[in-house]
Amino acid sequence: MMMHQGLGLETFNDLPRSKAVHALYECCCSFTWASRVADARPFRSYAEMFARADAELEELSDSDLDHLVSTHRPVGKTCAGMDAATQSVFIDACRMYIERFGYGYIVCSAALANKGDDPREVLIDLGHRLDNSHDTERKVMRDELAKVNRTRIERVLGPEDGWPEY
């Protein structure tokens, strides 16, 4: 669970640098990324913040990116909705992915959930990605990390239109 949730953009912009970096580190587990995004404040909109977060992720060195990928828990533990046979195939495919690319399969589960809440969609995505070249997969993996970051930043900030009045 994240410590910083529902702050709102204005409050986030007003945080001391160290607290803003901490909140962003919870989103991405990269001090470099979190520092650069925090230093770009103030943001006028969520879209501006997401664009900066994506740009800073793109600028991370390969070693920073490798460290970041190593902080993600294995996807297999997040696919409890799969039947036993599908989960077995998925676990084998994850092993193949690691052997092929040298790092774990990263996918934004929130983005896949929008495709119909079928856990087999993860297996289909993984199967397609196993056919990628190393360079292509590295780009896809960065794109998935950007989606994960955006989902987590949204959690830190809360609803863009604010919380409803009760």
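This is a predicted model: local features need pLDDT of at least 70, side-chain atom pairs count only at pLDDT 80 or more; totals for chains, interfaces and linings use all residues.

Biologist: What makes Glu-56 and Arg-52 a salt bridge?

Modeller: Their side chains meet with N and O 2.9 Å apart. A salt bridge requires a side-chain nitrogen of Lys or Arg within 4 Å of a carboxyl oxygen of Asp or Glu, so the pair qualifies. In general, side chains of opposite charge can pair when their charged atoms come close. Glu-56 and Arg-52 are 4 residues apart in helix H4, and therefore about one helical turn separates them.

Biologist: Why is Glu-56 called buried, and why is Arg-52 called partly exposed?

Modeller: Buried means under 20% relative accessible area. Glu-56 has 10%, so Glu-56 is buried. Arg-52 has 35%, which lies between that limit and the 50% above which a residue is exposed, so Arg-52 is partly exposed.

Biologist: How do you know that Arg-95 forms a salt bridge with Asp-92?

Modeller: The closest N and O atoms of Arg-95 and Asp-92 are 2.8 Å apart; the cut-off is 4 Å, so the pair is a salt bridge. Both residues lie in helix H6, 3 residues apart. Arg-95, at 48% relative accessibility, counts as partly exposed, and Asp-92, at 37%, also counts as partly exposed.

Biologist: What makes Asp-125 and Arg-129 a salt bridge, and are these residues buried or exposed?

Modeller: Their N to O distance is 3.4 Å, which is within 4 Å, so the name applies. Both Asp-125 and Arg-129 are buried.

Notes. Residues are numbered from 1 along each chain as its sequence is written. Side-chain values use heavy atoms; hydrogens and water are left out. Helices (H or I, at least four residues) and strands (E, at least two) are DSSP runs, numbered from the N terminus. Buried means under 20% relative accessible area, exposed over 50%, partly exposed in between (1.4 Å probe, protein chains only).
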